[in-house]
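Have a look at the structure first, then read on.

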Amino acid sequence: MQRLEGKRAIVTGAANGIGRAIALRLASEGARVAIADVNEEDAQEVAGEIDGETLVHKTDVTRDGDVEALVGRAVSEWGGLDVMVNNAGVGVAGTAVTTTEEEYERVMDVCVRGTFLGMKHAIPAIKDAGGGSVINMSSVAALVGLVDRAVYSAAKGAIYSMTRASAIDHVGEGVRVNCIAPGTVDTPWVARITSGYDDPEEARANMRARQPHGRLVTPEEIAAMAAYLASDESASVIGACMVVDGGVTAR
Ligand SMILES: NC(=O)c1ccc[n+]([C@@H]2O[C@H](COP(=O)([O-])OP(=O)(O)OC[C@H]3O[C@@H](n4cnc5c(N)ncnc54)[C@H](O)[C@@H]3O)[C@@H](O)[C@H]2O)c1
C-alpha cells in the first residue's frame, strides 16, 4: 500500500514550480490531488502529467468565494478532504524603502490572505473527515534576514506565526498544521526575480552562493517534505517549521 493511498489533497499554486512538484509527488504516492491555480492552462498540463485521479479548479486564493468553492468541490466529488497545501504565493524583491505600496498589497494578499482563506475553508472539512494535515508554505525569509526581501519576509513570517497559532487551535480536532521553509528553490519565480536585475546571471550566482551547499534547492526536495507532512508518519509533527534550505539557517 502506498503511503498516501486514500488521501484527498488540495494543492494551491500547483500549476508551476514547487506546487506542481508537490502535486506530482502526492499523486505518485497514491493521493487524489486537486490542482488549484489562477493559471488554468498550466494547471491542466500538470493534471495531464498525473496518472491518477485529479481535479483542476481555477482558483484565486485571495478570493474567499474561490477558495470556498474549491474546498466544496473536493468534498463533494471525493466525499471529504484530508490534506490542504497552501502553497500559492508571490514574491517581490525590494527593501522597505524601495517596495511600492501596490507590491506590498499584492504580496501580503496572495501569501497571507491566501493562506488564511485556505485554512479557514479547509480546516472544517479536514476535521469532518476525521483529521488530517495542513501544510503552509513559509520561507527561510521568515527565519533570517535576507537582503532585498523586506515585505516578502513579513508575509512569510506571518505565515509561520499563523501556522503555530492554528496548530494549537486545531490540534484537538485532529488537524495538524505545519509549514515548510524552503531556501532558494529553482522555479519560474526565481527566474522572474533574477530577470529583474541588471545582470541576471550574477543574481543567480549570488542566490547559489547564499546556499551553503552551493546550489539551489530543487522543487522535488520540497515536495518530499510535503509528502512526509501529508502522511501519517508525521503524526507528532505539529506547528513545526520544516526547513529545507541547503544550510542557510545553520549559519
Ligand atoms: N522559489 C523559491 O525560492 C521559494 C523559496 C521559499 C518559498 N517559496 C514559496 O513557495 C511557493 C511557490 O513558489 P514557486 O517558486 O513555486 O512560485 P512560482 O511562481 O513558480 O509558482 C507559483 C504558482 O502560484 C500561482 N499563483 C500565484 N498567485 C496565485 C493566486 N492568487 N491564486 C492561486 N494561484 C496563484 C501561479 O500561477 C503559479 O502557478 C510560494 O509561496 C513561494 O513564496 C519559494
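The points below cover the ligand and its surroundings.

This is a predicted model, in which local features need pLDDT of at least 70 and side-chain atom pairs count only at pLDDT 80 or more, while totals for chains, interfaces and linings use all residues. Residues are numbered from 1 along each chain as its sequence is written, and side-chain values use heavy atoms, with hydrogens and water left out.

**The shell**
- The ligand is surrounded by 29 residues, and Asp37, Tyr152, Val185, Thr187 and Arg192 are the closest (a residue counts if one of its heavy atoms lies within 4 Å).
- By class, 13 of the shell residues are nonpolar, 12 are polar and four are charged (Asp, Glu, Lys and Arg count as charged; Ala, Val, Leu, Ile, Met, Phe, Trp, Tyr, Cys and Pro as nonpolar; the others, Gly among them, as polar).

**Where the shell comes from**
- Domain 1 (8-182 + 220-238) and domain 2 (184-216) both contribute shell residues, so the ligand lies between them (the bounds come from an automatic or database domain assignment).

- Ligand oxygen atoms lie 2.7 Å from a polar backbone atom of Asn87 and 2.7 Å from one of Val185 (polar contacts pair N or O atoms within 3.5 Å).
- For Trp189, the distance from a polar backbone atom to a ligand oxygen is 3.4 Å.

Key. A polar contact is a pair of N or O atoms within 3.5 Å; within protein, one must be able to donate a hydrogen and the other to accept it, and residues adjacent in sequence count only if both atoms are side-chain atoms.
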